[in-house]
Amino acid sequence: MKRLSALLGGLLAAALVTASLATTAAPASAAPTTQAEVISPTPYMGWNTYYGLGGDFTDATIRSVADSLVSRGLAKAGYDIVWLDGGWQADVSRSEAGDLQPNPAKFPNGLKPMVDYIHSLGLKAGIYTDAGPYIPGRCGLGSGGYYQRDADQFAAWGFDAVKVDYLCGIAANLDPKTAFTEFAHALRNNASHRPMIFNLCNPVTSPDWGNYPESQQSTFSWSYAPDIAQSWRTYTDVGFQGDIKFKDVLRNYDANARHPEVVKPGAFSDPDYLAPELGMSDEEFRTQLTLWSVAAAPLVIGSDIRKLSATTIAMLTDPDVVAINQDPAAVQAVRVGPAGTTETWVKRLADGGRAVVLLNRGDSAKTLTTTASAVGLQGPRWTLKNAWTNAVTESAGTISAAVPAHGTALFRVEPATGVPGIPHVTAGIPQVTQVGNQTLPEGTVPVVAGGDELRAEVAVRNDGLLPVLKPAVALAAPSGWTASPLTRAPRLLAPGKSTTFAFTVKLPLGAAPGDAALTATTSYDVIGHGRLHQATVSPVVVAPEPPDGTAALSHHPWISATSGWMSPTIDESVGGGSPISLVGQTYPTGIGVASPSLVRYYLGQQCSRFTATVGLDDAVRNVGPEGATSTFQVIGDGKVLYDSGVIDRDHPQQVDVNLTGVHVLDLVVGDAGDGGYNDRADWAAPTATC
């Protein structure tokens, strides 16, 4: 399927959904019906082949994954659907008689024996098709003209779930509401009377797919899908096969959050699959799983579960997180307060409590807060259970957490009773506030070098009902670094109060470049509970040596580099395979990226000039006229030194910037406000004079 990176803006806050509880419906009767059955009253869970395996799977592969779902504890946690995406069909997908047929090399015995094996493990089986007619080059198979025949075939094979795509549907210019409604009718009235989950998957989204009317886009499915399907995709794909980016996870979550009012038991908005270990960090995936859980979204793993780490399996099977997703009220979370870098999301639970998410979209750690009253609760005392750490504390009403960059905190909030519990103390993540004589603005990611002296601060706050005694913070740094306290600890920290511990951190001259960390251990006494401890970790980037002489930056180590899709490429257009080329001129050096992108270098005040030519690579001339507009910025220590304005494929620009006094250089590419379609941007001949 086509993968896109259009970015959505903020969302309007919505009222919490009041949903009645439901139970699983009986099998379909013979009487024709289109209304969606409540086959799974809570979001269904499972695994799909697409992102981890693509079309490269066989009968043996699927059986192996099914075995792993059981042996690794995923099935017990609820991930019980083994779902084949595109790739199961034969090269000639339909027989002369008109029946869909599996690839005989991949499934020599057909699909029924494999499905029977899946069922023998106590699991369910899912399959894939498209709502459109088969159009070679546009989709792998299509059910257009054969809806009832294919529905009957899927049921006869024993499948329990069907994903219906819209690739050939859009190619044939079908009306998705009409096509999907007809397919839903066929599935509900299959000849075997077999209940089958209908995953309606229209990923078409403008502008990245082209300019389509609203009625044909994924963002319109909410208006009709809840009446005919068990789930409906709410935006385009969350990434590429084997390449999922955090920004696209947030994009899909935001789109999915537009219409929480239509979610109900048995009918769920679908922001696409979970994607651990396919490009995101563990922290970023934990955020995806947190957001999908409170969204009452189907939890379908897109990665190869046989290869996932024990850490990832533990996240996927965390009982408190899964329980929030599977809450029988089937309510989708809504945002409380404004959209921004930090946000609060709340989900009403069946027992009257709340699941509360503190989301940090930013690139640096922050302490985030909300209140019980802000999330719809009234009362003097609240028990907070951290779903990820299992810590249970008591608050007088403030809900707070130190949240890493790209991270979340997830609390289950219930009324507190009985004797006061352990106070809710938030131990801050170490913040580097100063490097040498340079004060870092809040939200700045610290970049340091050998010989630097830093100021680091750890804020500690008590939101409980009881004081904590003898609060202290110890700061640990990498070997060879020193960390010395600058402040004295107070004797107690009263309810509603906070204090900050400051340290001087010194790096040795030969500090190795790369990722490092500062670890704070916060401890305090609680009467009746002894001395308690919390550990928080702050990443620190130790920069490589700055460039020397006249340097081609594409050949110099960067601190970090991102690309809107795939990864930045050196001396080639993004995606590789072709040299950097702008309006017919080829450049031997350069950096190819897709918007949005940021490439960061450490200069250490050693450079005086930066030159380059910026524009859209000639590779986009081979893929159509749509899109291909970008903006380019050169930023030094947070100050914009050059701004291109909007650049199209025919008008590259020369860049010549003074770098005197710059520590950190950022090369930034934006999408010019029209999404990232065809934005294959080049920094051609990027040169620093140092």
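Asn-390 lies in the loop between β17 (382–386) and β18 (392–395), where helices (H or I, at least four residues) and strands (E, at least two) are DSSP runs numbered from the N terminus. The model is predicted, so local features need pLDDT of at least 70 and side-chain atom pairs count only at pLDDT 80 or more, whereas totals for chains, interfaces and linings use all residues. Residues are numbered from 1 along each chain as its sequence is written, and side-chain values use heavy atoms, without hydrogens and water.

Most residues other than glycine have a negative phi, and most peptide bonds are trans. Asn-390 is not a glycine, yet its phi is positive, about 70 degrees. Its relative accessible area is 43%, so Asn-390 is partly exposed (buried is under 20%, exposed over 50%, partly exposed in between; 1.4 Å probe, protein chains only). Asn-173 also has a positive phi, of about 60 degrees. Asn-173 sits in the loop between α6 (167–171) and α7. With 56% relative accessibility, Asn-173 is exposed. A cis peptide bond links Ser-595 to Pro-596, with omega about -10 degrees. Pro-596 belongs to the loop between β37 (590–594) and β38 (597–602).

Helix α4 (residues 112–120) buries Met-114, Val-115 and Ile-118. These buried residues pack against α2 (59–71), β2 (81–83), β5 (124–130) and α5 (contact: heavy atoms within 4.5 Å). Gly-122 follows α4 and has a positive phi, near 80 degrees.
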